[in-house]
Amino acid sequence: MVTLMEDQVFMAFTTYAAIVILKMMLMSPMTAYYRLTRGAFANEEDVARKSEEEKKKLLRTNSDVERVRRCHQNDLENIVPFVVIGLLYTLTGPELSAALLHFRLFAGSRIFHTVSYVGALPQPCRGLSWMMGMLVTFSMTYRVLSTALIL
């Protein structure tokens with residue numbers, strides 16, 4: 001384990017994985033913020049102390065809240081595979097420059113994806129940022145399979 005922690009590629013992966021995981025984790029408080037500021041709650045217990053009339057107003061969906069929730073869902077669908085594949089990728093012994101390119105492109109694409117999704121930027125902003133992240137993950141997957149494929 002000590003030698004792994006001394007490997008520059010692994011340390012770079014750890015840094016960028018932590019960044020995108022933190023970004024993904026911050027989507028939960030962002031969802032809560034949007035729920036509170038937009039007055040849109042999903043569960044009965046969230047408005048239990050309100051009158052029946054207020055409950056009807058507060059138990060509803062809101063397009064802004066749903067946009068943040070979909071962005072968070074997209075993070076779960078893309079960041080988790082990146083972390084798993086990225087860990088395997090680091091074990092294949094890639095060049096530091098290639099690894100940094102992969103990790104930086106992915107982190108940047110996910111941050112821009114969130115900005116474009118939550119900020120409702122016009123397409124193809126969000127689509128291109130999503131595609132960049134997917135291409136990075138596929139590229140790392142190719143490296144893993146071409147290096148370690150044993151059938």
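Predicted model: local features only at pLDDT ≥ 70, side-chain atom pairs only at ≥ 80, totals over all residues.

Trainee: Why are α5 and α6 called roughly antiparallel?

Mentor: The axes of helix α5 (residues 63-90) and helix α6 (residues 96-118) cross at roughly 175 degrees. Angles over 145 degrees count as roughly antiparallel, under 35 as roughly parallel, 65 to 115 as roughly perpendicular and the rest as oblique. The two helices are therefore roughly antiparallel.

Trainee: What makes the pair of Phe-82 and Phe-106 stacked?

Mentor: Rings pair if their centres lie within 6.5 Å; planes under 30 degrees apart count as stacked, over 60 as edge-to-face and the rest as tilted. Here the centres are 3.9 Å apart and the planes are at 5 degrees, so the pair is stacked. Phe-82 lies in helix α5 and Phe-106 in helix α6, 24 residues apart.

Trainee: Why is the pair of Phe-10 and Phe-13 called tilted?

Mentor: Their ring centres are 6.5 Å apart and their planes are at 45 degrees, so this pair is tilted. Both residues lie in helix α2 (residues 8-25).

Trainee: How do you know whether Phe-13 is buried or exposed?

Mentor: Buried means under 20% relative accessible area, exposed over 50%, and partly exposed in between (1.4 Å probe, protein chains only). Phe-13 has a relative accessible area of 6%, so Phe-13 is buried.

Methods. Residues numbered from 1 in each chain as written. Heavy atoms only, no water. Axes fitted to C-alpha atoms, helices over the stretch in contact; angles between N-to-C directions. Helix = DSSP H or I, 4+ residues; strand = E, 2+ residues; numbered from the N terminus. Phe/Tyr/Trp six-rings, centres within 6.5 Å; stacked < 30°, edge-to-face > 60°.
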